[in-house]
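Reader: I've got a fold open on my screen and a few spots I'd like to talk through. Can you walk me around?

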Amino acid sequence: MDQQEPHFLEIGQVLETGQGDRRRRIAYRFDPGAADASPAIVWLSGFLSDMASTKVVYLSNWAAASGYAMLRFDYSGHGLSGGDIERASVSDWLEEAQAMMALAGRRPIVLVGSSLGGWISLLLARAMARSGDARLKGLVLIAPAWDMTEKLMWEKMSEKSRNAVLTEGVFYAPSNYDDPYPITKILIEDGRNHLLAEGGIPVKAPVRILQGMRDEDVPWEHSRALVDLLATDDVDLTLVKSAGHRLSEPADLARLSRTIEALIDPASPPA
């Protein structure tokens with residue numbers, strides 16, 4: 001659901017996760033920043049996007065210029081990582097994200113999640129809160145597709161499309177950006193193990209949500225509903241009237257970096 005550009009990143013780093021026939025090779029890039037104690041920005045991509053997208057490239061360059069560490073990776077079945085998208089699930093992507101978090105060490109962390117990455121970020125933040133992991137300094141969600149498989153896929157599918165998922169195991173949905181993409185039975189059923197709609201989502205850090213009001217993939221009302229599900233009052237929702245899903249225009253990118261900077265350094269100018 002995110003804009004993509006041709007792959008240009010070298011696979012300099014690969015992490016293996018999973019067991020047996022679920023073993024997966026995950027490509028990532030970790031730039032350590034100016035110092036070992038530098039805050040780490042951890043990027044989580046959208047569905048069918050990767051670490052070569054416009055926002056990631058911008059953010060990586062900005063982080064390097066600012067002296068911050070930057071960690072980004074491709075989910076299994078995406079980008080430069082191994083795995084089959086038609087066998088992948090939210091559980092897989094969450095497991096990969098948790099494995100990546102260990103690479104940041106003891107640094108303060110700002111999670112930046114776009115679309116599907118917003119959902120994965122919320123699941124990570126919830127797990128960190130429950131385990132007492134105090135590294136989380138902030139959460140920046142860009143058009144967060146929380147409960148995507150249920151709210152934004154299954155509930156919007158026709159009966160014919162649902163039957164294809166249930167009987168054939170996959171339905172190929174038309175895309176506004178590229179070729180049709182697979183919605184699998186595995187993805188839908190596994191997604192139900194990670195739903196957040198019951199609310200009370202524990203996040204022990206400030207949450208900042210950036211959302212386009214012309215977004216056809218993740219309606220702005222979806223982000224508004226998330227505000228009430230978070231068990232924290234430190235939540236800001238920024239609605240961009242003229243923006244769609246990608247939020248990749250120069251003004252959107254500048255807003256993103258200002259938002260992250262304000263979490264890392266509260267004395268910096270507001271977004």
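This is a predicted model: local features need pLDDT of at least 70, side-chain atom pairs count only at pLDDT 80 or more; totals for chains, interfaces and linings use all residues.

Reader: Is Ala243 buried or exposed?
Author: Buried means under 20% relative accessible area. Ala243 comes in at 8% relative accessibility, so Ala243 counts as buried.

Reader: Which residues is Ala243 in contact with, leaving aside its neighbours within four places in sequence?
Author: One of them is Met213, which sits 30 residues away along the chain, yet the two C-alpha atoms are separated by 6.0 Å. With those sequence neighbours left out, the contacts of Ala243 are Gly212, Met213, Arg214, Asp215 and Asp252.

Reader: What covers the buried residues of H8?
Author: The buried residues of H8 include Asp252, Leu253, Arg255 and Leu256. H8 itself has 15 residues and reaches 21 Å from its first C-alpha to its last. The cover over its buried residues includes helix H1 (54-66) and strands S3 (40-44), S5 (109-114), S6 (136-142), S9 (207-212) and S10.

Reader: Over to Asp190: how far away is the nearest side chain of opposite charge?
Author: Asp190 lies in helix H6, residues 185-191, and is buried yet has no salt bridge. A salt bridge would need a nitrogen-to-oxygen distance within 4 Å. The nearest side chain of opposite charge is Arg22, and its distance is 8.5 Å.

Reader: Which side chain does the side chain of Asp190 make a polar contact with?
Author: Not counting residues up to four places away in sequence, Asp190 touches Ser89, Val90 and Ser91. The polar contact, at 2.6 Å, is with the side chain of Ser91.

Note on methods. Residues are numbered from 1 along each chain as its sequence is written. Side-chain values use heavy atoms; hydrogens and water are left out. Helices (H or I, at least four residues) and strands (E, at least two) are DSSP runs, numbered from the N terminus. Buried means under 20% relative accessible area, exposed over 50%, partly exposed in between (1.4 Å probe, protein chains only). Lys and Arg count as positive and Asp and Glu as negative; His and the chain ends are not counted. A polar contact is a pair of N or O atoms within 3.5 Å; within protein, one must be able to donate a hydrogen and the other to accept it, and residues adjacent in sequence count only if both atoms are side-chain atoms. Contact means heavy atoms within 4.5 Å. The expected span of a helix is 1.5 Å times one less than its number of residues.
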